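Dear colleague,

Please find below the structure that I am passing on to you.

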Amino acid sequence: MKRTITFVFLLLFTLVKLSAQEKPQIEINGTADLEYLQGGQSSHYYLNGVHKDLQSGAVRPLELNLLSKIRFNPQWSANFRLQMERDEGLKFNQVRLAQANVQWAPKESPWLFTVGRFVSPFGLFANQQLSTARTFVDVPLAYGYFINISEQLGQVDRLGNGTQIPINGRNEWGMPLQYYNGYSNGLKARWNLKPGKTSLEFALTTASPNLPRNFNFNPLNYGAMARLKLQPKYFWKQGFSASFGKFLQNHPLNDRLNDRSGYRQALIGTDFVLGTGHFEWSGELTAGFYRVPKYNPLSERYIQNQNFNAFSAWLDTKYEFPFLVGTYAAWRIETLQFSNDWDQGVLRNSLVIGAKIKDFILLRSAYCFQSVQNSNQTGFNAWRTTLTLYF
C-alpha cells in the first residue's frame, strides 16, 4: 500500500506542475455516523456485526469520513477518502486512507483510467461504500459474515467459533466472500460502450476482493476483476461480475507449506435493480470457489490442497412512502450456503425504516433475525439505529 500511495502522490505532484496554468477545483465533503446497537446473546462482530461486549446496548460514534476530489483539468482528477472507524466494533481508533487514486479521462474518449486505491469493480454493493448510499445499516452476508477460510491458514473447521487460533494477538475468525470495504490497489479501466446503457470495468489488483487487510503489497498476491453493467430499460439495471485472485499472507504458521502461492479465490456474480412506482427491488447472486490447503489445529499440520465452494444471495424490497417524501421501509432476505458442509449455512431477514431529514440528515432503524442452519445456537438477532450527518 505504501508503494501505491507514494506513486499516487508522485503522480499528483506531476499533475500540479503540468496544470500550473489552470486553477485546480477542489471538492470536499464528509459523513459522520452515530449509532445505537443491541445484540442477542450469541452476537459477535464477525457473525452479525455486533461485538459480544455490546449485547446490552450502546450509543457511540460509528464512522467518520472526509472525502475530497481535485480536478486539475477536464482530463485529470484525484480522489481521496480518509476514514475513521471502530476496530472490530470496539475502539474508535482505526484511521486509514481508504481511497487514494488519480483518474485520467482522455478527451473525446469513452475510456476512464484509474491508478492507486479504488473501489473494486465487483458486484452491486461495492459501489455503496458510504452509509448514505445504503438502504440498510448492516452489509449483506457475503460482505460481512466471516467464514472458515483464513488468509494465513487456509480452511480450518469451526474457525473462531470453537477453534481458537491466536494470530497477532487476536483469535482468527477467517474472512468474508468479499470484504465490505471494497477497495483494491492497482489499475482500473472503464469503457463506456454506450453511455447510460452499457459499460465495462476491469482491473488488475494486488489481491482478491476477500482480503480484509490489503493495504500492504505482497508479491504472492494478485487479482483480476471485471464487471459488465447494462441498462436494458430505464427501470432495469443488470450487472455481471467475475474475479480471480490470491490472498495468502506470509506468516510463521504457514511457512511449512511447499507452495505458498496456492491460496486462490474465484468469484462470479450477477446483480440487478428494478423499479416501478414507489417500489424498488435489488439483489445479488455470488458464487465463490476456493483452492486452499486444509489445516488441522490438533496436529498443527496441513492435510492437502482442497476445493471449497460457497454461494450467497440477497434480495431487497424497498417501498418509498408517497405521503412523506424521503421516508421508506425495506425488507432484505439473504442466505449464505456452503458445499460439503465445510461451514454452516446462514439465513437472515432484516427490516428497516429510514427517513431523510432536511438535506443532510439520514436516520435508519433496522432489526435483523439471523439463524444458523443445522445448529441449535440462537441469539444472533440485532437492532441497530444509525443517525448519519453529511455535507
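**Findings**

Asn307 touches Tyr290 and Arg291, leaving aside residues up to four places away in sequence. Please bear in mind throughout that this is a predicted model. Asn307 is placed in strand S16. Between Asn307 and Phe380 there are 29 Å in space, C-alpha to C-alpha, and the two are 73 residues apart in sequence.

**The chain as a whole**

The secondary structure comes to 3 helices and 20 strands. The radius of gyration is 21 Å, close to the 21 Å that the globule rule gives for 391 residues, so the chain is as compact as a globular protein of that length. Taken along the principal axes, the box filled by the C-alpha atoms is roughly 65 × 55 × 40 Å. Of the 391 residues in the chain, 52% are buried. Among the contacts with a separation of 6 or more, 59% are between residues 24 or more positions apart.

In soluble globular proteins, nonpolar side chains tend to be buried together. In this model, the largest nonpolar core has 42 residues, and Tyr145, Ile147, Phe247 and Tyr290 are those with the most contacts inside it. The largest share, 4 residues, comes from S16.

Which residues is Ile147 in contact with, leaving aside its neighbours within four places in sequence? They are Trp173, Gly174, Met175, Leu177, Tyr290, Leu336, Phe338, Trp342 and Asp343.

**Strand pairing around S10**

Strand S10 (residues 183-194) is joined to strand S5 (residues 111-119) by 9 bridges, and the two run antiparallel. In this pairing, Val115 stands opposite Leu187 in S10. S10 is also joined to strand S11 (residues 198-205), by 7 bridges and again in an antiparallel arrangement. Here Gly186 stands opposite Thr205 in S11. S10 and S11 form a hairpin with 3 residues between them, and Gly196 in the turn has a positive phi of about 80°.

**Aromatic rings and charges**

The structure holds 23 aromatic pairs. One of them is formed by Phe321 and Phe323, whose rings are tilted, with 5.4 Å centre to centre and 45° between the planes. Are these two residues buried or exposed? Phe321 counts as partly exposed because its relative accessibility is 25%, whereas Phe323, at 67%, counts as exposed. Elsewhere, ring pairs link Trp76, Trp104, Trp111, Phe113, Trp191 and Phe202 into a cluster.

Two charged side chains lie over ring faces. Lys318 lies over the face of Tyr328, at 4.6 Å from the ring centre. Arg332 lies over the face of Trp314, at 5.2 Å from the ring centre.

**Leu347 in S18**

Leu347 is found in strand S18 (residues 346-357). At 31% relative accessibility, Leu347 counts as partly exposed. Not counting residues up to four places away in sequence, Leu347 touches Ile333, Glu334, Thr335, Phe369, Gln370, Ser371 and Gln373. From Leu347 to Gln373 there are 26 residues in sequence and 7.3 Å in space, C-alpha to C-alpha.

**Positive phi in residues other than glycine**

Most residues other than glycine have a negative phi. Where does the model depart from this? Arg158, which is not a glycine, has a positive phi of about 55°. Arg158 has its place in the loop between strand S7 (154-155) and strand S8 (166-167), and it is partly exposed, with a relative accessible area of 47%. Asn168 likewise has a positive phi, near 55°. The place of Asn168 is in the loop between S8 and strand S9 (170-171), and Asn168 is exposed, with a relative accessible area of 67%.

With kind regards

Definitions and conventions:
Residues are numbered from 1 along each chain as its sequence is written. This is a predicted model: local features need pLDDT of at least 70, side-chain atom pairs count only at pLDDT 80 or more; totals for chains, interfaces and linings use all residues. Side-chain values use heavy atoms; hydrogens and water are left out. Rings of Phe, Tyr and Trp (its six-membered ring) pair if their centres lie within 6.5 Å; planes under 30 degrees apart count as stacked, over 60 as edge-to-face and the rest as tilted. Buried means under 20% relative accessible area, exposed over 50%, partly exposed in between (1.4 Å probe, protein chains only). A charge sits over a ring if NZ of Lys or CZ of Arg is within 6 Å of the ring centre and within 35 degrees of the ring normal. A nonpolar core is a set of buried Ala, Val, Leu, Ile, Met, Phe, Trp, Tyr and Cys residues joined through side-chain atoms within 4.5 Å. Contact means heavy atoms within 4.5 Å. Two strands pair if DSSP finds at least two bridges between them. The radius of gyration is taken over C-alpha atoms; the globule rule is 2.2 Å times the number of residues to the power 0.38.
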